[in-house]
Amino acid sequence: MVIGFIGAGRTGCTLGKYLSGYATVAGYYSRTWQSADDAATFTQSRAFCDLETLVNNCDTIFITTPDGVISEVWECIRHYNLKDKIVCHFSGSLSSGIFSKSGSTGASCCSVHPMYAFSSKYTSYLQFNTACLSVEGQERAVQEMKKLFEALHHKVFVINPCDKAKYHAAAAFASNYVTGILHIALQLLKECGFNESDAIKLLAPVILNNVNSVLENGTAQALTGPVERGDISTVERHIGILNDENTFNIYKSLGKVLVSIAESKNPGKDYNGIKDMFV
């Protein structure tokens with residue numbers, strides 16, 4: 001497999017570096033020569049001056065650009081000779097349906113998404129072996145991507161193209177939205193007089209223990225706290241001090257979710273009283 005990357009950001013650099021020991025990385029094309037050259041240097045590959053040359057030198061094309069550029073890239077390369085080539089994009093929210101009229105190109109197309117935080121162009125590859133991936137699209141492309149990543153001991157899930165947006169929303173809730181919730185917690189502690197460093201130290205055991213409990217036991221068994229106990233007076237006190245409207249609304253919205261989880265955990269318990277707190 002000879003892979004060419006269109007896009008030289010964090011995803012492209014991580015995958016290129018990670019895969020360079022298992023496949024041939026031909027190199028990179030980017031909107032700026034400097035980005036392509038930096039990525040090529042990092043992966044000991046080549047920087048391409050134009051898209052067509054990259055396509056002609058590869059049997060597999062990885063589009064690792066921002067989501068909004070994928071369609072534009074495809075419209076450029078689908079007019080080149082793609083016969084028998086594999087074309088993949090790595091968006092979590094877009095499906096392989098973005099490869100319009102792919103049947104007439106002779107290429108087999110798919111989308112691949114690693115459930116992984118690409119935090120750095122130059123170090124994220126070090127932990128990429130922990131990532132699980134999802135793939136959907138045309139059969140040959142799906143099977144080739146499964147073969148590539150499963151050979152590297154990754155768990156690869158085949159999903160329905162119609163579910164890509166929902167799948168990506170799940171990832172956002174588990175990552176970005178958790179960051180938002182933790183930001184609120186830190187802000188409340190700062191209002192109590194803690195500096196950020198001390199607030200993080202204070203919360204760290206609670207955060208880590210809770211996440212580990214969810215991963216080991218599921219959300220129902222991991223749930224603790226005033227909602228699960230049915231402690232109306234504590235919830236009332238919480239609501240009484242939440243002066244920020246956004247924080248207040250988030251607390252109530254998540255409270256409804258927690259009640260639902262609590263009811264599944266304790267089916268014989270009456271949660272009607274605390275449920276009224278979140279109306």
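Me: What is the bridge partner of Ile-3 in strand 4?
Reply: Thr-60 is the bridge partner of Ile-3. Strands here are DSSP runs of E with at least two residues, helices are runs of H or I with at least four, and both are numbered from the N terminus. This is a predicted model, where local features need pLDDT of at least 70, side-chain atom pairs count only at pLDDT 80 or more, and totals for chains, interfaces and linings use all residues. Residues are numbered from 1 along each chain as its sequence is written, and side-chain values use heavy atoms, with hydrogens and water left out.

Me: How many bridges join strand 1 to strand 4?
Reply: 4, and the two strands, with strand 1 at residues 2-6, run parallel. Strands pair if DSSP finds at least two bridges between them.

Me: And on to strand 5, how many bridges from strand 4?
Reply: Also 4, again parallel, with strand 5 at residues 86-89. Val-87 in strand 5 is the bridge partner of Ile-61.

Me: Are the faces of strand 4 covered or open?
Reply: Both are covered: Thr-60 and Phe-62 on one side, Ile-61 and Ile-63 on the other, are all buried. Buried means under 20% relative accessible area with a 1.4 Å probe, protein chains only.

Me: New topic. How many disulfides?
Reply: The count is 0, a disulfide being a pair of cysteine sulfur atoms within 2.5 Å.

Me: Is Cys-110 buried or exposed?
Reply: Cys-110 counts as buried because its relative accessibility is 0%.

Notes
Buried < 20%, exposed > 50% of the residue type's maximum accessible area, 1.4 Å probe, protein only.
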